[in-house]
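My notes follow in the order in which I looked things up.

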2 protein chains.
Amino acid sequence: MLPRVADHLESWRDGDARRSIEGFVQGAATQGDGFIEPADRIAVFDNDGTLWVEQPLPVQLDFIFRALTQAAQAESSLAEKDPYKAILAQDPDFFAAVSQQQPDAIRALEEALARTWLGKTPEEFEEQVAAYFREVKSEHFGKPYPELVYKPMLELFEFLAANDFRVFVCSGGGRDFMRVIAEPAWNIPREHVIGSAPTYSYEDGVIKRGDQVLGGLALGSGKPEHIFAAAGRLPAFAGGNADVDIEMLESAAFAMLVVHDDADREFAYTKAAEKSVAAAKDQGWTLVSVKDDWKTVF
Amino acid sequence: MLPRVADHLESWRDGDARRSIEGFVQGAATQGDGFIEPADRIAVFDNDGTLWVEQPLPVQLDFIFRALTQAAQAESSLAEKDPYKAILAQDPDFFAAVSQQQPDAIRALEEALARTWLGKTPEEFEEQVAAYFREVKSEHFGKPYPELVYKPMLELFEFLAANDFRVFVCSGGGRDFMRVIAEPAWNIPREHVIGSAPTYSYEDGVIKRGDQVLGGLALGSGKPEHIFAAAGRLPAFAGGNADVDIEMLESAAFAMLVVHDDADREFAYTKAAEKSVAAAKDQGWTLVSVKDDWKTVF
């Protein structure tokens, strides 16, 4: 079988990144040295900063902070306690602690999340997420977040699918938050979305949210663990953009790292990605520059 | 779009069961009252007794008991302790306690399982399972178990796929045990296999088996819980054969229950399925008689 024509990556400039991706993907689908059995053609991508903007705050954190703000406004006793107090005060130390995953901050946040959504059905949660996506706009871009998915990545999804890869998303963010947009925004089925998730219990015909995290957060080594649990194999192709993606990227046969270096069209930042850039150079991963490798960003 | 022709169910006799299945599946794929959005077309099946024989013992229990017997033979101190002692003695009380899921028996078994496979890589475990499938034959049929998958059910998988259902298996048995045969025997991808599973940890580029059960056993209410976690929705179509499938069946829009009533071609038994037959009559599930509804069993 001849390799399929790479007509999918039209938002990618011709360059090392595009050529290296095309080479690997078409090689996987062609008898020869780089061939990969169709069953093993699993591609996995991080979400925040890899599929859509994550500045100034990862989208789901913005969603959560808004929900916790509403909860504190509705129940004034909460407003005196962290994380509600810190969120209402927009305390930069707290935001920094969360983004650095400091245990105390994460624990306080997890407890608040459990309190907010414990016992809720998926339909109730999904309606809340859907309303957020309809109503809230990024201040920077003036657009709802589902419109801030990177077009070159959606083209890459299609290119991979055309070469019989099954495309998954594995994010440290909430699995059930992402599943709301998986089909409309990414055109991938919900069952291909892996991420941090609460337990659920089934009773009297209804699934309801529990207060534990199922199998740990999908960050760092948690990413390959969640991917293996969901897919039964480690990925052939992986894409990420941050230090918490390193283990996922090193578990794949081919890895690409998005580098945010385009202050004009998006954002330029290296924070929480320094180690991953070093790992990419060390391990020969493909670096994808937003500025140089993408003709179109959105 | 016209409904696709049901040329897939050739091992099924014309009768109520086949007609009810065809009616639901083709209705789901046709604009009208029974239409189901393609994204929601999830079909889920139990494994033991639904997809292959489970007598005299569920296949995976046979695999486990052989492995524990070998462990006890290799390490004589184990032979004095349960469950090793009971397995070596072929103690019917122990087997009954396991099949009735008595907590003490299950705990002893889980501890022995963890001891046997703790720290093993997926490749090591899979090779052991593959050897079992190559070498061990059912005493009753004189054939390896992968040849004892019910042909009508494989046809049903194809029929569902032809109508744009995604077919999953959800079994109380081990997820990773089933994944070894998912692609060769069922023609469904590993990521569509849901079941009871250990934790895994990722370290130094390798996934290794832990000693905890991830998210509980996929039995009873654990089935819809595992299905929701994996697929992001409850099933449109579900098939089972036992009391531990009741919650999964009631969570689906359409449910079918396999009834083992064919002592000549397979086995005739009702044990551990009495409540599910009652539930089927009560809730209008489709009963599938091995004797009457299947022209061919294997």
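These entries go from confidence and symmetry to rings, a serine, a glycine and a helix.

**Confidence**

Chain A has a mean pLDDT of 94. In chain A, 98% of the residues reach 70 or more. For the complex, the predictor gives an ipTM of 0.94 and a pTM of 0.95.

In chain A, pLDDT stays under 50 over residues 1–6. The model still has 13 contacts beyond four places in sequence for residues 1–6. Where pLDDT is low, the predicted coordinates should not be read in detail. I left those contacts alone.

**Symmetry**

How is chain B laid on chain A? I found a turn of 180° with a shift of 0.0 Å along the axis, and the RMSD is 0.0 Å. The two copies are thus related as by a two-fold rotation axis.

I also compared the interface residues. Of those in chain B, 100% are interface residues in chain A too, so the copies meet through the same surface.

**Aromatic rings**

I counted ring pairs next. The count over all chains comes to 50 aromatic pairs. I picked one to examine: F63(A) with Y132(A), an edge-to-face pair. Their ring centres are 5.3 Å apart, and the angle between the planes is 75°. The planes count as edge-to-face because that class takes angles over 60 degrees.

Where do F63(A) and Y132(A) lie in the chain? I placed F63(A) in helix α2 (residues 59–74) of chain A and Y132(A) in helix α6 (residues 122–135) of chain A. The two are 69 residues apart, so the pair links distant parts of the chain. Both F63(A) and Y132(A) are buried.

F63(A) and Y132(A) belong to a cluster linked by ring pairs, with W52(A), W117(A), F125(A), F133(A), Y145(A) and F177(A). One of the cluster's rings, F125(A), has R209(A) over its face, at 4.8 Å from the ring centre. I checked chain B as well. There the charged end of R209(B) sits over the ring of F125(B), 4.8 Å from the centre.

**S196(B)**

Next I turned to strand β3 (residues 193–196) of chain B, where S196(B) lies. Is S196(B) buried or exposed? Its relative accessibility is 9%, so S196(B) counts as buried.

I looked up its polar contacts. The S196(B) side chain reaches the backbone oxygen of G172(B) at 2.6 Å. A polar atom of that side chain also lies 3.0 Å from the backbone nitrogen of A218(B). Beyond four places in sequence, S196(B) touches S171(B), G172(B), G173(B), G174(B), R175(B), L217(B) and A218(B).

**G174(B)**

I moved on to one of those partners, G174(B). G174(B) is in strand β2 (residues 166–174) of chain B. At 13% relative accessibility, G174(B) counts as buried. Setting aside neighbours within four places, I found G174(B) in contact with Q60(B) and S196(B).

**Helix α9 of chain A**

How many residues of helix α9 (residues 222–231) of chain A are buried? I got 9 of its 10, so to speak a mostly covered helix. The buried residues include G222(A), P224(A), I227(A) and F228(A). K223(A), E225(A) and H226(A) are buried in α9(A) too. Just after α9(A), I noted a positive phi of about 80° at G232(A).

Conventions:
Residues numbered from 1 in each chain as written. Chains lettered and ligands numbered in written order. Heavy atoms only, no water. Least-squares fit on C-alpha atoms with pLDDT ≥ 70 in both. Contact = heavy atoms within 4.5 Å. pLDDT = per-residue confidence, 0-100. Phe/Tyr/Trp six-rings, centres within 6.5 Å; stacked < 30°, edge-to-face > 60°. Helix = DSSP H or I, 4+ residues; strand = E, 2+ residues; numbered from the N terminus. Buried < 20%, exposed > 50% of the residue type's maximum accessible area, 1.4 Å probe, protein only. Lys NZ or Arg CZ within 6 Å of the ring centre and 35° of its normal. Polar contact = N/O pair within 3.5 Å; in protein donor to acceptor, adjacent residues only side chain to side chain.
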